[in-house]
Amino acid sequence: MVSRKIIWSPRSKIRLYEILDFFNQRNQSTIYSRKLYKSFQKELSLLKLQPHIGVKTNFENVRGLIVGDYILFYEIEPKQINIITVWDSRQNPEDLKII
């Protein structure tokens, strides 16, 4: 069984930081942001071993890993998994830009 490396795209890093920063500012604490980040990391560790656990999308080779209220959109490559973007599923779906 091949364990792939997780690669965050620049856009996915920005979205992740925006989400975590939002909760830091709103809660005046980093406790929830750290908990959310750990949830992402836990699910990504499973994704490394089972890359097809995410939901298929309308885009070829793009899947979505659901983590709470968020969807991590990713592509599978032989040696890595590319995180394309992080999406808060409570937002207007018309604003979603995957590719």
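Modeller: Happy to! Let's start at Glu18, which is partly exposed at 43% relative accessibility (buried means under 20% relative accessible area, exposed over 50%, and partly exposed in between, with a 1.4 Å probe and protein chains only). Before going on: this is a predicted model, where local features need pLDDT of at least 70 and side-chain atom pairs count only at pLDDT 80 or more, while totals for chains, interfaces and linings use all residues. Residues are numbered from 1 along each chain as its sequence is written, and side-chain values use heavy atoms, with hydrogens and water left out.

The partner of Glu18 is Arg15: the two form a salt bridge, with their closest N and O atoms 2.9 Å apart (a side-chain nitrogen of Lys or Arg within 4 Å of a carboxyl oxygen of Asp or Glu). The structure holds one such salt bridge.

Stepping back, helix 1 spans residues 10–27 and lies across strand 1, strand 4 (70–76) and strand 5 (80–88), at about 40° to strand 5 (contact means heavy atoms within 4.5 Å; axes are lines fitted to C-alpha atoms, for helices over the stretch in contact, with angles from 0 to 180 degrees between N-to-C directions). These strands belong to an open, mixed sheet of five, ordered 1-5-4-3-2 (strands pair if DSSP finds at least two bridges between them).

Conventions
Helix = DSSP H or I, 4+ residues; strand = E, 2+ residues; numbered from the N terminus.
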